[in-house]
Amino acid sequence: MISFCRPHTAARAGKRIGGVLAAGAALLYLLGCGSSGSPAPIVKCNGSASLCDRPLNDVAFAATHNSYAGADVPGWHFPEQEVGISEQLKDEIRGLWIDAYYGIPGKRVYTDTSKIDPALHAELTQQLGPKLTATADQIRRRISKPKDEAPRIYLCHGYCELGAVDGLDAMTDIKRFLDQNPDEVLIIDIEDYVEPKDMVDLLKKSGLADYAYRGPIGPPWPTLRQMINRGQRVLIMAEHRTGAADWYFPAYRLFQETPFSFHRPSQMSCDPNRGKPSNSLFLINNWISTDPKPLPVNAKIVNNYAFLLHRARQCEKQRGLLPNVVAVDFYREGNLSKVIGTLNRGRANP
């Protein structure tokens, strides 16, 4: 569904249709926006009228860690979410934390590590842990590298042999959601093991780049209303390498974060990790690491309303910033959405 009441979407629609159809589009535009041609008023932003006039850094977003790793995705070995990205967006997830790799399609996607910096690959292997790495290596040895197939970008967790989502399909799905929901703002973080140009080309091909935020990386940040009116409703970041587009931002020049490797709830701290203390956006990583298989029972504990809200408030006090993104595993366990609502209501007069 195309919204003809936003100037940028009307313009893009006009490029796709011509001749007699253009007259129909013009009529739809007038009917939807009024005879004055002014855009329909924005009533809610990310589901709430109170969020529209707050700058981005005064808004909390519900996010998923390894968003693509849904239990409903065929062939996924160790899921970290109950469902995939499209269903998460329907459930008011507005922050997507994803990993991008080159893979070669076959019976199972074969990870192409030839373009990954060896030092970065060694760091990744250490981060994934010995059990996950060993499992992936076993599967990898059982399949042969597909022939006559060019590598393309997949969303995977270290090894595409353990599960993979086609990158272009995923970005196209996100773009479709934005087309159908014209008053929603998203944040996308890409843990990138691909060339910046290739990722940017994929985002352009999917159409998602049309929605990319292109302004200064505050503060001051634009309000959600301003981002919506400008048609720049997605903040897109990469963790390792950028530079292929002025809207493909380096994540840790914008964000500061908490640690992300916790084995027990009692270990979950608010200590500084990546990103400078002067960065204006704040990410809370909130999951328990259980190599190789994430466990919903742990998510039920750390996503519990009382536990998660207490941690968010503690981190806000310690770091002096509203948690702009709270990223979790198995987001349907516990009360992530309710915690985000409480955090945002507490910023009624930022």
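F255 counts as buried because its relative accessibility is 1% (buried means under 20% relative accessible area, exposed over 50%, partly exposed in between, with a 1.4 Å probe and protein chains only). This is a predicted model, where local features need pLDDT of at least 70 and side-chain atom pairs count only at pLDDT 80 or more, while totals for chains, interfaces and linings use all residues. Residues are numbered from 1 along each chain as its sequence is written, and side-chain values use heavy atoms, with hydrogens and water left out.

F255 sits in strand β9 (residues 255–257); strands are DSSP E runs of at least two residues, helices H or I runs of at least four, numbered from the N terminus. Setting aside neighbours within four places in sequence, F255 has contacts (heavy atoms within 4.5 Å) that include W97, I187, M237 and V325. M237 is 18 residues from F255 in sequence, and their C-alpha atoms are 9.9 Å apart.

Now for the helices. The axes of α6 (residues 167–180) and α7 (residues 196–206) come within 8 Å and cross at roughly 45°. Among the residues meeting there are L168 and M171 in α6, and L202 and L203 in α7.

And how far can you trust the coordinates? pLDDT is the predictor's confidence in each residue, from 0 to 100, and the chain's mean is 88, with 88% of residues at 70 or more.

| Stretch | pLDDT | Contacts in the model |
|---|---|---|
| Residues 1–5 | under 50 | 20 contacts beyond four places in sequence |
| Residues 9–36 | below 50 | 25 contacts beyond near neighbours in sequence |

Conventions
Axes fitted to C-alpha atoms, helices over the stretch in contact; angles between N-to-C directions.
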